[in-house]
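Q: Can you walk me through this structure? Keep it short, please.

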Amino acid sequence: VEDNPTRPLYRCITSEAIPRHFISIEPNCESLGKMENTLGHVAINRGGEMLRALRRCVSSPGGRRTHALDLLCDTPDYPTVLGYVR
């Protein structure tokens, strides 16, 4: 039994006129685009060496998706923490 299970983290690209990359834990990229590849894995729970929360945010101005480590987003772009990383 694994102490801290993980899940894949995907690099996605939007299907907009000007494509933009973002990260997701959903292989269908939340129907916002398509998955390009698997970046790695993130822990589902905080613990051990996986101490920092990974969140996806929207920057302003511009509305670009960014990410934050152990910081709350001013404008979250995903309802929960994506996972935990070193």
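A: Two strands pair if DSSP finds at least two bridges between them. Strands (E, at least two residues) and helices (H or I, at least four) are DSSP runs, numbered from the N terminus. This is a predicted model, where local features need pLDDT of at least 70, side-chain atom pairs count only at pLDDT 80 or more, and totals for chains, interfaces and linings use all residues. Residues are numbered from 1 along each chain as its sequence is written, and side-chain values use heavy atoms, leaving out hydrogens and water.

Q: In which sense do E1 and E2 pair?
A: Antiparallel, over four bridges. E1 covers residues 6-14 and E2 covers residues 21-24.

Q: What joins E1 to E2?
A: A hairpin, through six residues.

Q: Which residue in E2 is the bridge partner of Arg11?
A: Ile23.

Q: New topic. Which residues make up the largest nonpolar core?
A: There are eight: Leu9, Ile23, Ile25, Val42, Leu54, Tyr78, Leu82 and Val85. A nonpolar core is a set of buried Ala, Val, Leu, Ile, Met, Phe, Trp, Tyr and Cys residues joined through side-chain atoms within 4.5 Å. Buried means under 20% relative accessible area, exposed over 50%, partly exposed in between (1.4 Å probe, protein chains only). A second, separate core has five residues, among them Ala43, Met50, Ala53 and Val81.

Q: And Asn4: buried or exposed?
A: Buried, with a relative accessible area of 17%. Asn4 sits in the segment before E1.

Q: What is Asn4 in contact with, beyond its neighbours within four places in sequence?
A: Ala43, Ile44, Asn45, Arg46, Gly47 and Met50. Contact means heavy atoms within 4.5 Å.
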